[in-house]
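Open your viewer and get ready to click along. We will stop at a few places, and at each one you will learn what to select and what is there.

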Amino acid sequence: MLAEASSPTPVGVSDPNWHAVLPFACAVALAVIHFCWILAHFAPAIMSPDANGYVVQARLIAVEGQTSFTSASPVQYVGMHWLETSHGVFHSRYPAGLPLLFAAAWKLGGLTAALLVNPLLASATVLLVFFLARPMTGGWFALLAAAVVASAPVANQHALDADAHVAATFFLVAGVLALRRFGATRSIWWGLLAGVLLGVLPSIRYPEAISGFAIAGWLAWRVRPVWRAWPAVVGAAVPIGALLAHNTIAYGTFWRTGYALTNEQTGFGLNYFFAHAIPYLQSLGGQGLALFFAFGAAGITALAADRRWRADGLLFAGLVVPLLTLYMAYYFGGPGGGGGGAGNLRFLLPTFPFFAVAGAWLLARLPEHLGRTGRIAVGVVAALQLLIAGAGSQQALARTKSSLTAAAGARAVAEKHVPAGCVLIVDRQLAESLDAVGQWRLVEEMMVAGMGPRLGPGPGGPFMGGPNGVDDETRPSPQQPGKNRAQQERYAGLSAAGRRERVWTDVEEWAGGRPIFWFARGTDAVENALPAGGDFESIAEVDMPAMRGMGGPPSGPAGFGMAGPSRGARGGVPGRGISPMRGGRGGAGAPFPGGRGGPGMLPGGDQPAAKLRLVRITWPEKQS
């Protein structure tokens, strides 16, 4: 191990000696074990608004050959990250790169296959980190770097969420690997591959385009004459050209993205940077990379100062520092917003492999200079790092499994009892999950409960008529101001009773004579929401543990949303005997559904908070 660490192979060339075989075999085994570990917590469901923006787009590509949809009714559920580009036409905020990967898997095995893409990419990244580190550190320390990435709690949690952070990490690491090989061999094929992999990055996540500056600078420095870098440029032009074409079709011009529709391009500033920098640094050294953040930061600095490894050190710094700075200066993060620094560590996932590799390189220097003492010190650091991160990962994966299993259970009940094409009334977060399936006509329950459409800046924001609704259209926000114009025009200016009556009329019309179903938290919610003459029958019940958002606390009882709109908020609908919020059987207004605890107050943290009851709504007098 000492000889391997002290005499690294040239950049981009693998060690051909048998000394490299055992670490390589261990790295492959680690990647396989990691995938099995992730798979043990997998369930075929999605669990976040971001996942809805990617997976529903994948379904549209796979099934309908398009990336947008047209609203069929003013009561139709539209996900938070689906933005109205023309009247009634919605495009996802997110680019189509990751949805295309999901769609290809969907063609092979449906939704379940699509949701396995991120776990596969996460485990593949573990192996790629080994290959990235091995020429710099030798096989055993490269294995340590791979283990650091494999045990990172945030990375493992997002391996089970169908968002873009894991995919962005995979393509960045794979692209850098190919880039280094291109720099060492000048092979046209390695250059083309590096360009394609790195060019895919902005089609996965727009902000990762900032990595292009470091890549371009490295090519200009390391490839002489500079025109010989053309394979990388040509390779990158293919996915970037496709992205620009998509932007033109979806948003009108090639330089415009979905973020422009929510003013997020204005959400950067020094005030955010100064507010968020310390929380992010604290989180990176805690829930992020634990001990290895400090070793990684010091390692990148030392690599850049070392003559032999300066090219790699400056490349790593050029990738990591701009991403850190960008998100520290972004409004959606830090204390008091967007889940806090810890909740938004997902933004920094692409930096984790480079911290891990640099940290392993720095630790590899200890045995060189301290011999047996250095090996003992490395062993202590590695043991503490993997113990802390591994325990955190297991806790995060267990919570995530609970959420996914809950959503998958609700889906299974719906598939058994609700015919395809029927109207299904659901809470917003359950709608986000069931929308991925595409079998039912989803209506958000707050519509039928008399609250009207949500117009605020995102989940938990104000509703129609709220003080901070559509008036402030210039501030950055995850929610598109003035979204779903047909819905707003249909219900604007009505009283609570009038709005509810019109909503139910539209629900019946959209149902087209088919039965209407509701996943309700209790029969009280249904009784108080139905119009005169309406009736219902209970069909099934499913246990729902608390759904946990990414990096945040449980989002509400029954696993989906808050306790529901208070009955008093409906404005007192005549003839229904609506009373203020109360406890009891666990209806929509109950602060503690089923008497078993409210949001964020789950006994023991793992016990089910409530049950969801599936009911079938009927109007006997209209059927006679």
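## First stop: Arg-59

Select Arg-59: apart from its neighbours within four places in sequence, Arg-59 is in contact with Glu-64, Trp-106, Asp-435, Ala-436, Val-437 and Gly-438. Contact here means heavy atoms within 4.5 Å. Arg-59 sits in helix H3 (residues 49–64) and is buried, with a relative accessible area of 12%. Buried stands for under 20% relative accessible area, exposed for over 50%, and partly exposed for what lies in between (1.4 Å probe, protein chains only). Helices (H or I, at least four residues) and strands (E, at least two) are DSSP runs, numbered from the N terminus.

A word on what is on your screen: this is a predicted model, in which local features need pLDDT of at least 70 and side-chain atom pairs count only at pLDDT 80 or more, while totals for chains, interfaces and linings use all residues. Residues are numbered from 1 along each chain as its sequence is written, and side-chain values use heavy atoms, with hydrogens and water left out.

## Zoom out

Now show the protein chain as a cartoon: it has 23 helices and eight strands. Of its 624 residues, 58% count as buried.

Angles run from 0 to 180 degrees between N-to-C directions, and axes are lines fitted to C-alpha atoms, for helices over the stretch in contact. The three strands form an open sheet in the order S1-S3-S2, with antiparallel pairing. Strand S1 (68–70) and strand S2 (82–86) stand at the edges with a single partner strand each, so one side of each has no neighbour in the sheet. Two strands pair if DSSP finds at least two bridges between them. Four bridges join S2 to strand S3 (residues 89–92). Which residue in S3 is the bridge partner of Glu-84? Click on Phe-90 to see it.

## Strand S4 and its partners

Next, select strand S4 (residues 423–426). Val-423 and Ile-425 on one side are buried, and so are Leu-424 and Val-426 on the other. In a regular strand the side chains alternate between the two faces of the sheet. S4 pairs in the parallel sense with strand S5 (residues 441–444) over four bridges, and with strand S6 (residues 516–520) over three bridges, again parallel. Ile-425 has Val-443 as its bridge partner in S5 and Trp-518 as its bridge partner in S6.

## Two helix pairs

Two packed helices are described by the angle between their axes and the distance between the axes. Select helix H16 (residues 352–370) and helix H17 (residues 372–417): they pack at an angle of about 155°, with their axes 6 Å apart.

Then move to helix H13 (residues 291–305) and helix H14 (residues 310–328), whose axes come within 6 Å and cross at roughly 135°. That makes H13 oblique to H14.

## Last stop: Ala-532

Is Ala-532 buried or exposed? Ala-532 is exposed, with a relative accessible area of 68%. Look for Ala-532 in the loop between helix H22 (523–529) and strand S7 (535–544).

Technical notes. Parallel < 35°, antiparallel > 145°, perpendicular 65-115°, else oblique.
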